[in-house]
Amino acid sequence: MRWLVAILLVVALSAGVQAASIEARLIRASNGDEQPDEQLTKLEPKLKKVFGYQHYQQLGIQKAPLKDKEGLRLNLGEGIVVLITPKADEKKGRVMDFEMYSGRAALVKSTVRVRRDREMLIKGPGVGNTLLVVSFAVVE
Amino acid sequence: MNHHNTDRVSGLLDGQLTGIRLWLARRHVSVCPLCASEYRHQQHVRRMLHANPPAAAMSDSPEFFWSKVKAEIQRRGGERVQVPTPKLAFADWLEQHQLAVVSAAASLIAAFGVLLFAVVFHGTRVVVASAPTSIGVAGVEQLKTPIPHTVATAFDSEDAGVTVIWVTGLPWTPDMNEMKTAFANLDT
């Protein structure tokens with residue numbers, strides 16, 4: 001019985017340690033009259049406050065587990081690719097290298113400290129009357 | 001008597017001066033308008049006092065009265081007496097605590113200055129392309145925009161509760177296909 005409890009504890013702990021993953025989305029902001037995107041229910045109020053557009057549509061989403069110093073390539077669609085390399089897990093958040101590409105062109109290269117309770121938004125290029133936005137967050 | 005001396009005028013009126021000093025004083029008062037005026041004033045006061053003696057005369061001599069007061073003080077030596085405290089108006093309080101008021105005002109102004117500084121300089125942080133940012137601000141340590149003529153700015157939007165990297169200067173395209181083509185041809 002003791003062994004069973006110990007094994008369960010170890011499994012639960014290791015699952016907890018490995019549970020952190022990165023979630024990145026490609027979003028198109030516009031001023032159309034479309035229905036709100038249900039996938040962005042939680043994020044939409046924040047997007048509105050920052051970018052001011054009325055409607056937000058999720059074009060792509062990728063989620064991958066974070067492994068120490070192992071680079072992740074997240075293809076968000078429409079030619080937008082995000083490369084993430086975790087560097088350190090600190091008390092204040094996870095430090096990681098973040099690169100955003102459109103085709104061969106690197107739009108942003110950055111080293112960021114992502115807090116667990118905070119999304120990061122990247123204002124991308126304007127397309128017609130719309131704007132491309134990339135969001136990413138650490139999900140435990 | 002070269003100077004205007006009120007004591008000498010008093011002495012003249014009281015009949016304390018004699019001889020040459022009396023003569024000199026009388027001569028000075030007769031030629032000096034200031035001392036003549038003082039002489040007339042003191043003379044008037046003396047006449048008034050003489051004509052109006054104190055209404056209530058003391059029954060005891062001053063020495064006897066003081067001995068009675070002293071005896072009363074000694075008798076009540078250990079007795080506690082409640083002294084009424086005057087009620088201060090706000091203006092009186094301010095006058096009494098000038099230093100405290102000035103210190104409080106200075107502290108308030110300093111605190112306001114610090115607050116203003118914090119709001120102005122920590123609200124947003126502009127990061128020039130390719131320049132490293134300081135740790136802790138906007139959670140962005142380094143930020144580069146390899147495409148020429150583009151600038152990236154990192155800031156915390158406390159209102160929305162997010163950190164934003166704002167890239168400006170990226171090529172605008174009319175539709176998604178054009179965007180893919182335009183960026184595919186850009187080599188960074």
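Start with confidence. The model scores ipTM 0.84 and pTM 0.54. Chain B has a mean pLDDT of 80, with 86% of its residues at 70 or more. Where pLDDT is low, the predicted coordinates should not be read in detail.

Next, the two chains in outline. Chain A has two helices and eight strands. Along the sequence, the pattern of chain A reads α-β-α-β-β-β-β-β-β-β. Chain A has 140 residues, and 35% of them count as buried. Of the contacts in chain A with a separation of 6 or more, 44% come from residues 24 or more positions apart.

Chain B has seven helices and three strands. The order in chain B is α-α-α-α-α-α-β-β-β-α. Of its 188 residues, 15% count as buried. In chain B, 29% of the contacts between residues at least 6 apart in sequence join residues at least 24 apart.

Five strands form an open sheet, and the order is 3(A)-4(A)-5(A)-6(A)-1(B). The pairing is antiparallel. Strand 3 (72-77) of chain A and strand 1 (140-144) of chain B stand at the edges; each has a single partner strand, so one side of each is left without a neighbour in the sheet. From one strand to the next, the twist averages 15°.

Strand 3 of chain A is joined to strand 4 of chain A by five bridges, and the two run antiparallel. These two strands form a hairpin with two residues between them. In the turn, A:E78 has a positive phi of about 55°. Within this pairing, A:R73 has A:L83 in strand 4 of chain A as its bridge partner.

Continue to the following pair. Strand 4 (residues 80-90) of chain A and strand 5 (residues 93-102) of chain A are antiparallel, with 10 bridges between them. Here A:L83 stands opposite A:E99 in strand 5 of chain A.

Then look at the step between chains. Strand 6 (residues 105-114) of chain A meets strand 1 of chain B through four bridges, again antiparallel. A:S110 stands opposite B:L143 in strand 1 of chain B.

A:G71 sits in the loop between strand 2 (55-65) and strand 3 of chain A. Is A:G71 buried or exposed? A:G71 counts as exposed because it has 12 C-beta neighbours inside 10 Å. Leaving out residues up to four places away in sequence, A:G71 touches A:L83 and A:T85. The C-alpha atoms of A:G71 and A:I84 are separated by 5.6 Å, although the residues are 13 apart along the chain.

Turn to the contact between the chains. In all, 34 residues of chain B are in contact with 31 residues of chain A. On the chain B side, the elements that give two or more residues are strand 1, strand 2 (151-157), strand 3 (162-168) and helix 7 (176-184) of chain B. Strand 3 of chain B gives the largest share, six residues. By type, the chain B side divides into 20 nonpolar, eight polar and six charged residues.

Finally, the cores. Which residues have the most contacts inside the largest nonpolar core? They are A:L107, A:I122, A:V134 and B:I165, in a core of 47 residues. Strand 6 of chain A gives the most to this core, with six residues. Take A:I122 as a point of entry. Not counting residues up to four places away in sequence, A:I122 touches A:M100, A:V108, A:V133 and A:V134 in chain A, plus B:I165 and B:V167 in chain B. There is also a second, separate core of six residues, including B:V9, B:L12, B:C35 and B:Y39.

Key. Residues are numbered from 1 along each chain as its sequence is written. Chains are lettered from A and ligands numbered from 1 in the order in which they are written. This is a predicted model: local features need pLDDT of at least 70, side-chain atom pairs count only at pLDDT 80 or more; totals for chains, interfaces and linings use all residues. Two strands pair if DSSP finds at least two bridges between them. Axes are lines fitted to C-alpha atoms, for helices over the stretch in contact, and angles run from 0 to 180 degrees between N-to-C directions. pLDDT is the predictor's confidence in each residue, from 0 to 100. Two residues are in contact if their C-beta atoms, placed from the backbone, lie within 7 Å. Ala, Val, Leu, Ile, Met, Phe, Trp, Tyr, Cys and Pro count as nonpolar, Asp, Glu, Lys and Arg as charged, and the others, Gly among them, as polar. A residue is buried if 20 or more other C-beta atoms lie within 10 Å of its own, exposed if 12 or fewer, and partly exposed in between; C-beta atoms are placed from the backbone. A nonpolar core is a set of buried Ala, Val, Leu, Ile, Met, Phe, Trp, Tyr and Cys residues joined through C-beta atoms within 7 Å.
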